[in-house]
Amino acid sequence: MTATVAPLLEVQNVSKYFGSVIALKDISMHVNAGEVMCLLGDNGAGKSTLIKIFAGVHQASEGRFLVEGREVRFASPRDALGAGIATVYQDLAMIPLLSVSRNFFLGAEPTTGRGPWRRFDVGRADRITRDELAKMGIHIRDTAQPVGTLSGGERQSVAIARAVYFGAKVLILDEPTAALGVKEAGIVLRYIAQARARGLGVIFITHNVHHAYPIGDRFTLLNRGRSYGTFAKGDVSREEIVAMMAGGEELEELGHELEEFARGDSVAAARLAETARELEAEARAVSGGDTTPVPAGSHSTVGRQGAAAGSDTIGTTTSPD
Ligand SMILES: Nc1ncnc2c1ncn2[C@@H]1O[C@H](COP(=O)(O)OP(=O)(O)OP(=O)(O)O)[C@@H](O)[C@H]1O
Ligand SMILES: [Mg+2]
């Protein structure tokens, strides 16, 4: 009975190199049935690269990849789909002008009739789409409406329901909430919970700890291609995850930089005020102590002198002291 305890999907000491770029180094993680595993990390951390290995888009340069305890090597995304691994990307592979039900069945349409009379079975597709969406708690007004009329959150939800219907065991979501507002993100998080309740293993990729924390069972943190480790929800607080993601030293460094910037800014502001005062004084001198605006005739002279004085002053003030 080892098959029942083996994780649905697991990588052991996986590395991925793109030429001299180390996108991933020595990563181990797994996802079990009925859990949400969150993959967290900043831009360029390697999150998409890792899930592309799961999805059959990339092959690992090193390490082992196991599906339900058996080592596999996917040659293409089709292999991954065949093994029950469904990936939903941020820019969904949906056709906006086609109906919800057409999109639901894209590439696997039910048909009616035979030979030349074979055609898309609209009635059946609509019925199945409506039922499957309802099972996930999604109520679409009309499955004949174009997908383009759905909100971002609803579209993600249809993609999740589709993956569940076509027998996915593992559902991978790459930043499904990144472009969504608070309410829409909430909708998607609810469907992730539904997929978990139906026994799927979910890998949820996000930058956003506030989306990950409420829904996640375990969290793997990636930083520049390396893992900071995997933490069960009970063992780590939201604040600790935020701190790890930001990287303590990097925050400190940023603090110094900002301080330096603010200091430079106040120095620059003081010098600018000084320059303004000098210019004013010069303008007064040229117009014979009169501070009222200079008549049009003499204006160009003042302007030139002012500009020359200005650029000169600024030039000297910005040079190192
Ligand atoms: N096909 C590729 N060729 C060369 N380098 C790549 C390739 N794909 C990814 N990389 C590099 O690998 C690193 C990880 O990229 P990846 O897209 O996995 O990051 P990510 O965590 O998904 O970031 P983001 O949050 O911005 O989506 C980056 O430095 C990236 O430039
Ligand atoms: Mg990415």
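Okay, ground rules before we look. Residues count from 1 along each chain as its sequence is written, while chains are lettered from A and ligands numbered from 1 in the order in which they are written. The model is predicted, so local features need pLDDT of at least 70 and side-chain atom pairs count only at pLDDT 80 or more, though totals for chains, interfaces and linings use all residues.

Let's start with the sheet. There's an open one of six strands, ordered β6-β9-β10-β3-β11-β12, with mixed pairing. Strands here are DSSP E runs of at least two residues, helices are H or I runs of at least four, and both are numbered from the N terminus; two strands pair if DSSP finds at least two bridges between them.

Which strands stand at the edges? That's β6 (85-88) and β12 (226-232); each has a single partner strand, so one side of each is left without a neighbour in the sheet.

Further in, β3 (36-41) and β11 (218-223) run parallel, joined by five bridges. In that region, Cys38 stands opposite Phe219 in β11.

Helix α7 (182-197) packs on the sheet and touches β3, β9 and β10. Touching means C-beta atoms, placed from the backbone, within 7 Å.

Now ligand 1. Its shell (C-beta, placed from the backbone, within 6 Å of the molecule) includes Phe18, Gly41, Asn43 and Lys47. β2 (21-31) and α2 (47-54) each supply at least two of the shell residues, and α2 has the largest share, with three.

Technical notes. Contact = placed C-beta atoms within 7 Å. Axes fitted to C-alpha atoms, helices over the stretch in contact; angles between N-to-C directions.
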